[in-house]
2 protein chains.
Amino acid sequence: MDQPNRKALEHYLLEHIPITAALGIKVSFVSSEKIVLSAPFDKNINHKQTVFGGSLHAVATLACWGWLHLNLKERVQIVIAHSEVDYLSPVNTDFEAECHRPDAIEWERFMTIFRRKGKARLTLKAKVVQDGRLCVDYTGTFVALKYSE
Amino acid sequence: MDQPNRKALEHYLLEHIPITAALGIKVSFVSSEKIVLSAPFDKNINHKQTVFGGSLHAVATLACWGWLHLNLKERVQIVIAHSEVDYLSPVNTDFEAECHRPDAIEWERFMTIFRRKGKARLTLKAKVVQDGRLCVDYTGTFVALKYSE
């Protein structure tokens with residue numbers, strides 16, 4: 001995955017999920033190992049002059065969704081089933097949410113079930129770090145469903 | 001709490017958390033027993049023609065935050081510490097997130113600690129229901145901090 005994928009994903013998000021434009025989401029980096037989405041402070045500010053928790057959650061969700069979307073080559077629907085967030089420290093700048101490839105055993109387990117049943121569940125993590133401090137620790141569980149032809 | 005509170009809260013959200021305008025959030029109902037926030041389908045649609053999970057989470061978060069904001073009479077800062085969401089069924093219409101007053105024992109415990117220490121933690125729940133079906137089951141843990149004068 002490379003630059004065309006980065007731009008294609010950004011375009012896909014803006015076209016299909018209009019709230020991403022209001023959040024100011026950009027796809028900063030994609031590779032098979034990780035994805036980074038960014039968003040500006042000013043569009044996501046709250047009454048405490050920090051980033052609204054809902055915005056942090058939304059960008060983290062889309063980082064995980066985006067990683068899975070780019071790494072599943074087959075025609076597939078990806079649905080979020082569960083999310084958990086620990087808000088550990090406030091964010092008060094432009095920010096990035098980064099999702100890394102899950103470990104090899106977990107990915108192989110997921111792909112084996114997905115190929116066999118056309119449906120499988122994968123848990124991904126995303127983090128928002130500011131000045132070296134972990135601010136947002138996000139976990140999302142996604143269900144991938146193969147489209148029936 | 002009544003109509004003036006409803007309008008005041010809606011104005012407060014729009015003024016201080018600009019993303020609420022993009023989400024199209026309205027405060028539909030407030031009482032000491034519950035709060036209902038609503039948002040339109042079209043602003044929150046995703047690539048599957050259902051409501052984006054990040055929007056569902058954001059409106060549920062603000063329902064819980066709003067209930068606590070209106071029920072704490074003292075000058076207080078409310079910070080989200082943790083959230084969990086089960087996405088049980090897709091939402092494909094305009095939607096409402098409803099947060100109810102926690103049970104009396106839990107509220108009394110929270111207020112006792114808050115008065116004693118100037119800081120306390122409360123877990124609130126919000127739900128999104130469509131056609132009688134529970135679609136989103138949200139739990140948020142908030143920390144209330146008394147402002148030092």
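The model is predicted: local features need pLDDT of at least 70, side-chain atom pairs count only at pLDDT 80 or more, and totals for chains, interfaces and linings use all residues. Residues are numbered from 1 along each chain as its sequence is written, chains are lettered from A in the order in which they are written, and side-chain values use heavy atoms, leaving out hydrogens and water.

**Symmetry**

- Chain A superposes on chain B by a rotation of 180 degrees with 0.0 Å of shift along its axis, at RMSD 0.0 Å (least squares on the C-alpha atoms of residues with pLDDT of at least 70 in both copies).
- The two copies are therefore related as by a two-fold rotation axis.
- Glu84(A) has the C-alpha of chain A nearest the axis, 2.2 Å from it.
- Both copies use the same surface: 100% of the contact residues of chain A recur in chain B.

**Interface**

- Chain A gives 34 residues to the contact and chain B gives 34 residues (contact means heavy atoms within 4.5 Å).
- About 2600 Å² is buried between the chains, and carbon and sulfur atoms give 64% of this (accessible area, 1.4 Å probe, lost on putting the two parts together, summed over both).
- Ile19(A), His47(A) and Phe52(A) supply 24% of the area that chain A buries against chain B, more than any other three residues.
- The rule finds 12 residue pairs in polar contact across the interface, both residues at pLDDT 80 or more (N or O atoms within 3.5 Å, one able to donate a hydrogen and the other to accept it; residues adjacent in sequence count only if both atoms are side-chain atoms).
- On the side of chain A that touches chain B, α1 (3-16), α2 (19-23), α3 (53-71) and β3 each give two or more residues (DSSP runs numbered from the N terminus: helices H or I, at least four residues; strands E, at least two).
- β3(A) gives the most to that side, with 11 residues.

**Strand pairing**

- Strand β3 (residues 76-87) of chain A runs antiparallel to β3 (residues 76-87) of chain B, joined by five bridges (strands pair if DSSP finds at least two bridges between them).
- His82(A) has Asp86(B) as its bridge partner, and Asp86(A) has His82(B).
- β3(B) is also joined by 11 bridges to antiparallel strand β6 (residues 133-146) of chain B.
- In β6(B), Asp137(B) is the bridge partner of Asp86(B).
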